[in-house]
Amino acid sequence: MRLDIFTQVPHAFAWMTEQRPLAAVLGTELELRLFNYRDTTPLRSGQVDDEPYGGGAGMVLRVDVVAAALDAVYGSSPDQRVIALTPQGRPLTQSVVEELAAEPALTLLSSRFEGFDERIVTHLCSDAISIGPYVLSGGELPAMVLVDAVARRLPGAIRQESGAVETFSAELEGGVEFPQYTRPPEFNGWPVPDILLSGDHARIATWRREQSRERTLS
Ligand SMILES: C[S@@+](CC[C@H](N)C(=O)[O-])C[C@H]1O[C@@H](n2cnc3c(N)ncnc32)[C@H](O)[C@@H]1O
């Protein structure tokens, strides 16, 4: 998969590219490209945003700037999904993540301050996605959230069984995962459930499934 991210802050992504699962698939299953709107802006002095028509606080990312950035990379029009990251978009869920992970290429547009000129979302994007019902200062963290969630679904990112049996997976009927424990078997009088120390894998599997169902319904 090729993931292209357009941002005003490309260096914000440095940390993410060094961490697993992204680091595990970068250069093999995943090609990540970062583009700065300022590098291709047709305006002087690297300007990318402007005051909102009608007045009001903040600056709005300009449509001509984003069009120029997309043109510089793809020519006339991208033949891949172009997604605006905005709190007004459709919610990012695990099923949306699975849908995006199946794409051969994706483009993510992030903004800052007051957000996008609406014409960017309407005319230059095929989709708009929100990572949750709250407002962040910029689209960089939302882009990283989406990239991490998608990257861990790519082959080789994580152990196959980790991804197959986890919260929201089909294996757990879309529910939440059972509780996990590790050593020590007791701490501060808080014991690990006996069943997990029994070595009886069939009973452990049944107990986990029950726990998953109970937690999902509660
Ligand atoms: C301060 S927000 C703009 C909010 C916008 N004025 C509004 O009221 O909807 C700046 C940018 O951060 C990003 N952003 C903030 N919250 C987000 C969220 N929940 N999901 C996705 N992107 C978000 C978007 O790229 C957005 O354009």
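Me: What volume does the largest pocket have, and how is such a space found?

Reply: Rolling a probe the size of a water molecule over the atoms shows where empty space is left. In this predicted model, the largest pocket has a volume of about 450 Å³, the space filled by probe spheres set on grid points joined across faces, edges and corners. It is lined by 25 residues, and L85, T86, P87, Q88 and G115 are the closest to its centre. A pocket is an open set of points on a 1 Å grid over the protein atoms alone, where a 1.4 Å probe fits with protein on both sides within 12 Å along at least five of seven lines; a lining residue has an atom within 4 Å of a point.

The model is predicted, and local features need pLDDT of at least 70 and side-chain atom pairs 80 or more, while totals for chains, interfaces and linings use all residues. Residues are numbered from 1 along each chain as its sequence is written, and side-chain values use heavy atoms, without hydrogens and water.

Me: Which elements supply at least two residues of that lining?

Reply: β5, β7, α6 (118–124) and β8 do; helices (H or I, at least four residues) and strands (E, at least two) are DSSP runs numbered from the N terminus. β5 gives the most, five residues. By class, the lining has 12 nonpolar, 10 polar and three charged residues. Ala, Val, Leu, Ile, Met, Phe, Trp, Tyr, Cys and Pro count as nonpolar, Asp, Glu, Lys and Arg as charged, and the others, Gly among them, as polar.

Me: Which pocket does the ligand take up?

Reply: The ligand takes the space of the largest pocket, since more than half of its atoms lie within 2 Å of the grid points.

Me: Which peptide bonds are cis, and which residue has a positive phi?

Reply: Most residues other than glycine have a negative phi, and most peptide bonds are trans. Here the bond from R20 to P21 is cis, with omega near 5°, and P21 is in the loop between α1 (14–18) and α2 (22–25). The bond from R183 to P184 is also cis, with omega near 0°. S45, not a glycine, has a positive phi of about 55°.
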